[in-house]
Amino acid sequence: MTDSAEQTWPDGIPTSLWRFDLLGAERHASLPFMGIHPDWNFHMAFIFGALMVAAFAWQRFKQRSFEPTELDYEVVKRLSPLQLRDGKAMRAAYIYYAGIMLSIYAALTFFGGLILKAINYIPMAGIQADVDQSAMTSPTWPLYLALGMAGFAPMLKPVEVVETWLRRKVHGWAGVPVQLKDRTRRFLLALDRKIQPGVDEAIGKGSSIAQPTAVQSRVFKKLSEIPAWMKDGLERMGNYGPLVRKRIELELMIEAVRDPGSWPETHILDELQPLVREQRLSAEKALLAMDDLAKMLDPIQRSSGDGPVESSVDTDAHARQRRQVEALLAGIVGKVDRSRLELAAILTVYAERSPYFEPRFNSNVTDRVGRHILEETLKSAVDELAARQKPETEFWTTTLLFPVFGFYAIMTLLGFHSLLGTLQLTTSTVLATATVETLQVAVIFWLPAVAVLALRTHLAEADQLRRPGNSRPSSESAERMVYYVATGGIVAAIGLGLLSTLWTALVAENTERFRDLMAGSPQSVLVYMLPKSLCTCIFIFLLVRALDGPKKKRPVALLYALVSATVVMAALFAITVSVSASCTFQPSCSWLDSLGKGIQQGIKVGFKDVYRIYNLSDFIVCFTAVFVAIINAVWPPKQSLVVTSNNIPKAAAVAILAIVIAANFATGSGIALAEESPGTRQSYMKVPDQKTPVRVGFRKDAEPFSYKAGPLSARHYRGYVADLCYSIFADSIYQVEEVPVTAEDRFDSFRMDRKPATAKVDMLCDPTTLRFWRDANDVEIDGFFSPIVFVSGVSYLNRPAKQVRLGVDLAYVRGSTAKKVAFKACEIDLFRAVDPRTTPACEASRTDCAGNPNADDSKIRLCEFDDHDQAIDWLCAPSDRQAVYFGDREIIQAKLESWRSAGRCKVAEVEKQASFYTYEPYALLVAPSQQGLAQFVQRRVYDFFSHSPRAVGLFSSYFPNVQMSPMMANLFLLNAVDNPMYDTVPSYLFEAEKRK
């Protein structure tokens with residue numbers, strides 16, 4: 001059905017009673033999914049919205065979540081969060097941030113109605129929400145929600161505060177900017193430990209040192225450049241020794257940033273180059289200012305003792321001059337100290353983002369020993385930072401998931417890997433199988449590795465990280481290993497349980513089958529999946545051992561990875577065979593016997609069947625995943641298999657290639673498995689040149705069933721029944737002659753007492769109720785009724801009195817079945833118009849209600865009108881009497897909407913009653929003398945309704961935005977007696993021999 005037809009058709013009613021699709025499995029849904037039929041438009045809108053939210057999360061994540069203070073380093077003030085930490089830490093932080101945002105988005109998308117309903121139960125003013133639940137199931141809801149989160153979140157202050165808090169927390173998890181400050185301080189302390197001993201010894205012993213070291217020689221040189229007056233001033237400030245040390249360190253760092261060599265990487269240098277140049281020039285200016293000040297004569301030198309005695313005025317001038325000089329010296333010392341901190345922060349960012357530093361000895365460097373000290377300090381600091389960083393295990397395991405998906409899709413398509421259940425091999429089942437198997441690999445290896453590495457980093461950052469020369473007791477290491485293994489096993493068990501639920505839901509036809517597959521047998525999905533968490537425990541143990549142990553040489557590392565992968569694969573193989581033999585919870589059962597029987601059967605059935613039965617693809621993927629994870633953890637640092645700027649494109653190319661291969665095979669399978677749809681045959685019946693005229697009576701006022709069309713219309717009459725009549729006689733041997741009829745004279749040609757020569761119509765095409773008598777005093781109707789074409793009932797429209805109610809008028813159209821309902825409403829005084837102790841007078845009706853709305857004081861008047869136009873005019877005229885208009889519900893409501901659209905209804909308050917008080921089955925009435933015409937009409941009506949899209953389209957055309965009642969939908973189904981195999985052309989347009 002089209003979108004409009006789907007809105008018209010009621011829920012719970014099948015769209016057709018012809019269900020050939022239930023005969024064979026090939027007609028069933030590819031994935032039963034417990035009978036749930038997801039709205040793919042809604043899900044595609046959700047996916048598109050998720051991409052929008054992820055893009056928004058990336059843009060917001062790059063922005064600073066904290067406000068730097070004046071005391072912060074310039075790198076903190078000038079660089080973005082992505083430039084302060086290494087890529088791995090920021091990628092992990094972004095995944096956490098985007099994952100939280102997407103979780104919120106998914107919760108609001110799929111459970112927004114439930115969340116808003118729960119909010120409404122909170123007894124607090126100002127938080128009640130009233131949202132149309134139908135709007136939250138529309139495909140526009142995910143898009144509006146994504147636009148709101150991505151576009152309008154920064155504009156809403158409460159939302160922005162929450163989002164900024166979340167971003168600040170995530171940046172804090174990544175160490176921005178707290179860890180940068182801490183590591184800068186650690187780097188300076190490490191550099192102080194290298195320089196301070198030489199400075200202290202040189203200052204304490206002076207020139208008495210027989211053979212000074214290179215550092216001491218450099219200190220002696222710096223001490224000789226400091227004049228006595230500056231030394232006295234620095235000693236008074238307590239900065240003499242520290243200034244010498246800081247100056248030496250600053251000179252070394254200036255040389256390091258001026259000539260960085262091959263470290264750090266080029267793109268890092270390019271990003272920080274403006275800031276580095278600015279801070280280097282600032283540091284050089286501070287040192288130059290100190291040198292200039294040191295070259296000055298003693299500005300506060302006094303006269304010798306033989307000279308004249310200074311006056312008190314001269315003494316005060318010297319004191320002021322001393323304070324000025326000391327203030328100038330203190331300012332220069334502060335600039336030196338600040339430049340030292342800034343350059344140290346820059347070198348820490350270098351070490352943070354490029355943690356593979358190789359010391360070098362450049363021949364152009366004058367002080368090789370000083371540069372050697374700095375490089376050793378940088379090396380130790382970088383090694384310490386690198387020890388704190390997460391390995392690339394999780395990145396490569398994540399990247400491996402893409403080719404794993406393609407591998408499973410290919411093997412399933414070729415028949416080497418079994419489907420999720422007893423399903424037909426289709427595109428959807430192949431993709432579903434590849435998706436579930438890939439998720440299984442992620443749950444067993446990737447997700448536990450991420451959790452354990454996060455726990456390991458947290459413990460290391462807290463206080464248990466090893467520093468050079470320190471080690472933990474073996475008992476503590478064993479306790480931590482238990483934590484890691486338990487964490488990995490629990491994460492894997494929870495993930496496998498959720499994955500089992502998804503797997504079972506995809507293949508189960510109903511809830512009973514779901515429970516049976518989930519945990520109803522010794523070989524249930526839970527029994528098959530949960531034991532695999534043991535493989536996770538073994539994998540985590542081997543991974544942590546590889547990370548915490550010493551780096552091995554390349555052959556040893558390769559051997560360790562191969563052995564680890566083999567051990568985990570063997571464990572998975574044992575679990576799989578044990579579950580297949582139902583030996584998981586039976587100690588007396590031997591899975592080795594089952595394996596032997598399986599091998600014997602495999603020899604008989606062939607390699608392909610054995611491969612598929614035991615799903616050997618799982619063991620290949622398991623071996624590969626473990627090997628990739630372990631080899632990245634144990635590989636030597638100098639040849640570390642980490643992602644650098646050189647091999648990121650290679651990794652991306654591998655992932656993209658895997659996706660393309662999987663997509664190509666999936667598309668190919670879809671083409672190969674698609675069924676060839678039969679072509680549309682269009683062979684039309686031949687129409688004779690001379691057509692037989694048929695006089696058809698149409699109503700001009702029975703909207704929306706039959707009414708007079710506008711002057712530009714190709715047909716004189718429009719409406720649900722009128723269009724049906726025109727369709728019946730289209731491309732036939734009959735020629736329609738339109739004859740106008742009214743509600744009063746429409747049955748004159750069908751009365752039993754009529755004269756045959758007086759019949760003016762051969763067929764009545766209006767909303768005629770299928771009854772052979774109208775009332776007890778009327779003559780019986782004679783003729784042939786067609787199958788029922790519409791189902792309605794008498795209802796009413798209620799217009800309250802303008803001010804004080806003088807009485808009630810009950811109106812109906814002459815000759816309609818609404819007359820009985822109006823009289824019944826009068827008899828029971830439905831609208832409480834008379835004194836309950838009196839009996840309403842309901843014997844006669846009148847025709848002058850429209851001309852005399854307030855002419856008498858009758859409490860109840862029965863008003864009869866010639867047609868619906870007169871009745872609706874009367875209803876829309878203001879009056880002091882309450883007006884009630886009885887008629888078939890669809891007709892009177894359509895008349896009211898038509899009058900309102902034309903501006904002809906001056907009354908705003910008209911109440912619509914939804915209830916049916918009668919059963920009004922509409923049918924087409926054919927004259928009794930036209931037996932052949934009656935047979936033709938009957939067949940054409942059935943043919944029309946057998947073409948379901950056309951029939952439903954006719955309904956939605958004249959009843960827009962109205963859903964059929966279940967009774968009306970069942971009528972459409974019962975009238976569709978022919979096989980609805982012709983989706984575009986009604987069956988009567990095909991030749992008789994092609995319909996056999």
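This is a predicted model: local features need pLDDT of at least 70, side-chain atom pairs count only at pLDDT 80 or more; totals for chains, interfaces and linings use all residues.
Start by selecting the cysteine sulfurs; the structure holds four disulfides, and three of them are visited here, including the one between Cys725 and Cys765.

Select Cys725 and Cys765. Their S to S distance is 1.8 Å. Cys725 sits in helix H26 (residues 720-729) and Cys765 in strand S6 (residues 763-769), so the bond ties together parts 40 residues apart in sequence. The S-S torsion is about 110 degrees, so this disulfide is right-handed. Both Cys725 and Cys765 are buried.

Next, select Cys826 and Cys842, a disulfide with sulfur atoms 1.8 Å apart. Cys826 belongs to helix H27 (residues 818-827), while Cys842 is in the loop between H27 and strand S11 (860-865), so the pair ties together parts 16 residues apart in sequence. Here the torsion about the S-S bond is about -85 degrees, so the disulfide is left-handed. Cys826 and Cys842 are buried.

Move to Cys849 and Cys863, whose sulfur atoms are 2.0 Å apart in a disulfide. Cys849 lies in the loop between H27 and S11, and Cys863 in strand S11, 14 residues away. A torsion of about -80 degrees makes this disulfide left-handed. Both Cys849 and Cys863 are buried.

Now turn to Cys537 and Cys622. For Cys537, the closest cysteine sulfur is that of Cys535, 9.1 Å away, which is too far for a bond; Cys537 is partly exposed, with a relative accessible area of 22%. For Cys622, the closest cysteine sulfur is also in Cys535, at 6.1 Å, again too far for a bond. Cys622 is buried, at 1% relative accessible area. The cut-off for a disulfide is a sulfur pair within 2.5 Å.

Terms used:
Residues are numbered from 1 along each chain as its sequence is written. Side-chain values use heavy atoms; hydrogens and water are left out. Helices (H or I, at least four residues) and strands (E, at least two) are DSSP runs, numbered from the N terminus. Buried means under 20% relative accessible area, exposed over 50%, partly exposed in between (1.4 Å probe, protein chains only).
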